[in-house]
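Open the model in your viewer and keep the sequence panel beside it. Each stop below says what to select and what is there.

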Protein chains: 2
Amino acid sequence: MTQIERARAGEATAEIEAVARDEQIDPEVVRREVAEGRMVIPANKAHLEKGLKPVGIGVAARTKINANIGKSAVSSDPGCELEKLFTAVRHGADTVMDLSTGEQIDSVRSRIIEAAAVPVGTVPIYQVAEQLDEIADMRPRDFLDVVEQQARQGVDYMTIHAALLREHLPLCERRLTGIVSRGGSLVAKWMAVHGRENPFYTHFDDLCEIMHEHDVTWSIGDGLRPGSIADASDEAQFAELKVMGELGRRARERNCQVMIEGPGHIPMDQIERNVRLQQEWCDGAPFYVLGPIVTDVAPGYDHITSAIGAAMAAWYGAAMLCYVTPKEHLGLPNLEDVRQGVIAYKIAAHAADLARHRVGARDRDDSLSRARFEFDWAEQFRLSLDPEAARRMHDESLPEQDHKKSHYCSMCGPKFCSMKNTEELRAMTRGKAEE
Amino acid sequence: MTQIERARAGEATAEIEAVARDEQIDPEVVRREVAEGRMVIPANKAHLEKGLKPVGIGVAARTKINANIGKSAVSSDPGCELEKLFTAVRHGADTVMDLSTGEQIDSVRSRIIEAAAVPVGTVPIYQVAEQLDEIADMRPRDFLDVVEQQARQGVDYMTIHAALLREHLPLCERRLTGIVSRGGSLVAKWMAVHGRENPFYTHFDDLCEIMHEHDVTWSIGDGLRPGSIADASDEAQFAELKVMGELGRRARERNCQVMIEGPGHIPMDQIERNVRLQQEWCDGAPFYVLGPIVTDVAPGYDHITSAIGAAMAAWYGAAMLCYVTPKEHLGLPNLEDVRQGVIAYKIAAHAADLARHRVGARDRDDSLSRARFEFDWAEQFRLSLDPEAARRMHDESLPEQDHKKSHYCSMCGPKFCSMKNTEELRAMTRGKAEE
């Protein structure tokens with residue numbers, strides 16, 4: 001039985017209880033959200049046995065962030081991917097996706113699942129494509145076998161581009177950047193060669209059976225997400241979103257958990273509309289967005305262009321943010337890129353939780369600001385998202401241990417420190433009150 | 001005669017014409033915006049003679065960004081400040097503020113004005129405080145003299161905290177982080193010691209006379225901007241904003257140009273309200289915001305926390321964004337911090353221009369995305385906000401010159417490149433159409 005199935009039967013599973021504790025909300029609220037499909041707990045039974053810590057993804061929970069790791073055919077070795085996993089989780093990634101391509105992907109995945117206490121997602125078509133010379137050679141059976149194999153391995157959620165239909169392909173022809181989803185482009189090629197419907201769509205019920213058996217959560221992939229501001233919110237994108245909503249309903253009817261993936265590249269003024277439409281057409285299923293990037297002009301800084309969009313999307317109601325690293329569009333992220341991406345996304349997710357008025361979200365801000373006002377530098381570093389970086393930057397100009405008690409920093413110096421001045425002002429006011 | 005005075009008399013000054021060309025808008029629109037106080041062109045006559053290139057700041061123009069430079073008593077030397085100026089301008093800063101404190105600030109300022117083709121702003125109280133042992137010793141005459149001296153030097157706009165009144169001080173007492181504006185805290189201290197009203201408020205008309213004579217643009221400082229999420233949008237902040245509106249009207253009556261400064265630390269859900277209130281209470285005068293930072297928890301990454309807030313503020317109608325560097329709250333920014341801050345803010349400003357549907361704003365995005373789709377790597381680097389960084393990141397994994405023509409990068413490798421797949425898909429469709 002899957003989490004949604006048991007929740008619908010009225011059961012607050014151990015995983016629901018764990019999520020409720022983690023989120024500081026009532027288990028009954030979590031149970032209801034899971035039962036109604038507005039929250040998922042991606043928790044493959046095989047991974048639970050290996051020590052997975054369940055995570056709730058949905059609008060009633062803290063905004064979650066995902067870090068993509070994995071090697072490509074051109075870059076990285078398996079050991080390095082484990083380091084990326086640890087770096088991502090240490091800095092706050094709530095889930096990771098192993099997007100490895102090239103050789104050895106089976107063993108890389110298995111090592112990541114073993115090592116990860118967070119849910120692990122994959123895109124199974126990558127493995128299928130790796131095993132073939134040409135994606136056109138893929139038989140639906142090959143794909144189902146790979147999904148089954150990965151499900152047995154313990155993958156907690158899978159991105160499958162089942163909603164990209166033949167009839168959508170002509171809608172992409174005048175796009176500036178065509179199809180930018182790797183999985184989407186592969187399945188589009190398959191359809192074009194064979195002149196047949198998307199096999200993941202036609203075999204959707206077979207897929208649901210496997211997902212149901214292992215309680216793998218669906219992450220219905222948006223193969224037609226826009227890859228540039230010019231293509232944002234176009235007909236192709238929304239035509240696919242409608243089908244994603246339909247498939248989400250079908251999967252939930254089969255007692256599967258479902259997330260819906262979202263864009264991509266979207267200018268700021270279209271983000272709210274994108275979230276509202278997804279929530280409406282997909283019955284409130286958790287929206288798992290990639291950014292969105294709000295301008296195309298800053299390769300090398302797309303962790304920032306996309307943190308802007310991600311923060312807004314989460315404020316409007318997206319449940320999980322897939323990080324984008326500084327290396328996006330340019331190459332495979334290295335360890336430092338992973339760190340930069342995760343921290344930018346922790347910022348986006350937390351800013352959204354503040355804007356959503358999540359209970360307790362502001363506590364850390366208040367504690368850090370109190371430490372700042374009290375010149376308790378050590379505490380300020382400790383509470384910050386990246387203590388090491390904060391301390392390093394402070395110490396660049398005032399490295400002595402003494403300065404950890406200074407009532408100023410090198411930004412303003414002692415005479416111009418406004419907080420020091422406020423302290424003196426308050427002392428003055430207290431003095432007058434006592435006179 | 002000042003720009004606003006001449007614009008009101010119906011004259012399209014040379015500076016108005018220059019701004020209109022730069023912004024690709026009708027000179028008559030610029031003239032009207034300047035006349036009505038919704039746009040300022042900070043252009044001190046002395047600086048114009050030294051080669052200032054006029055810049056229009058207002059909601060009808062491109063979103064502008066300012067970079068704060070300047071040494072503190074603890075850090076930096078004058079030569080380094082010129083390097084910061086060049087770095088900031090090369091990466092796209094539209095104005096700079098010299099916030100130097102400590103020794104030699106007069107000569108640093110003079111060298112910056114000589115070297116800067118962009119408008120230069122200052123906070124004159126820093127110089128006054130530098131000259132005295134205690135801010136309490138300041139006589140209003142001292143302040144007027146410094147303002148006059150800096151105006152003669154060619155400063156284009158000045159931040160003066162004239163709207164922070166005695167009656168506002170009790171409103172700050174329960175704040176988590178008190179007064180965080182350096183200038184604001186100094187003037188508050190002065191008022192507390194003397195038990196008298198803010199001298200910049202009581203001498204406002206005298207100040208207007210100097211500003212008018214040299215056409216120095218007012219940047220009415222927000223001494224009570226919140227310094228933490230906890231203090232955002234509080235009574236103190238809005239009480240001061242009301243007075244800022246009043247002073248703006250008085251200054252415009254005296255034919256002075258006026259900008260209004262804004263926060264600070266504001267959570268995402270309060271940004272729109274902050275901009276709307278400023279526009280309403282200050283009659284549409286250009287809003288010049290510092291960030292805002294949308295969460296307090298990320299010292300070391302406040303260029304990102306604040307780029308989120310800045311992009312949103314500009315979308316809602318702020319005219320100029322004062323950058324925040326990664327070093328904010330921790331120390332004086334160095335050259336690399338300046339670069340990171342400027343680029344984060346170019347992203348925020350451009351994203352807002354896209355969201356505001358500014359004519360032509362999307363051209364660069366479209367060109368870059370076209371180059372990306374065509375695997376024209378050199379053109380993609382050239383069009384990016386930081387070509388050097390984009391090229392360096394690409395070359396980390398594929399350094400050979402050959403790879404500048406590759407139809408893939410190390411992120412996905414050749415087999416999984418969605419854009420390459422789309423190319424093949426389109427070739428296939430064209431093939432079928434020709435059959």
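This is a predicted model: local features need pLDDT of at least 70, side-chain atom pairs count only at pLDDT 80 or more; totals for chains, interfaces and linings use all residues.

Residues are numbered from 1 along each chain as its sequence is written, chains are lettered from A and ligands numbered from 1 in the order in which they are written, and side-chain values use heavy atoms, with hydrogens and water left out.

**Stop 1: the two chains**

Colour chain A and chain B separately. In contact (heavy atoms within 4.5 Å) are 111 residues of chain A and 111 residues of chain B. The buried area is about 9100 Å², and carbon and sulfur atoms give 66% of it. Buried area here is the accessible area (1.4 Å probe) that two parts lose on being put together, summed over both.

Now select Val297(A), Tyr301(A) and Phe416(A). These residues supply 9% of the area that chain A buries against chain B, more than any other three residues.

**Stop 2: pairs across the interface**

Select Lys189(A) and Glu424(B). What joins them is a salt bridge, with the closest N and O atoms 2.5 Å apart. A salt bridge means a side-chain nitrogen of Lys or Arg within 4 Å of a carboxyl oxygen of Asp or Glu. Between chain A and chain B there are four salt bridges.

Next, select α15 (335–355) of chain A, one of the helices that each supply at least two residues of the side touching chain B. Helices are DSSP runs of H or I with at least four residues, strands are runs of E with at least two, and both are numbered from the N terminus. Eleven residues come from α15(A), the largest share of that side.

**Stop 3: cis peptide bonds**

Select Pro263(A) and Gly264(A). The bond joining them is cis, with omega about 5°. Gly264(A) sits in the loop between β8 (258–262) and α13 (271–281) of chain A.

Move to chain B and select Gly291(B) and Pro292(B). The peptide bond from Gly291(B) to Pro292(B) is cis, with omega near 5°. Pro292(B) belongs to the loop between β9 (287–290) and α14 (302–316) of chain B.

**Stop 4: positive phi**

Gln24(A) is not a glycine, yet its phi is positive, about 55°. Look for Gln24(A) in the loop between α2 (14–23) and α3 (27–35) of chain A.

Finish at Asn255(A), whose phi is near 60°. Asn255(A) is in the loop between α12 (235–253) and β8 of chain A.
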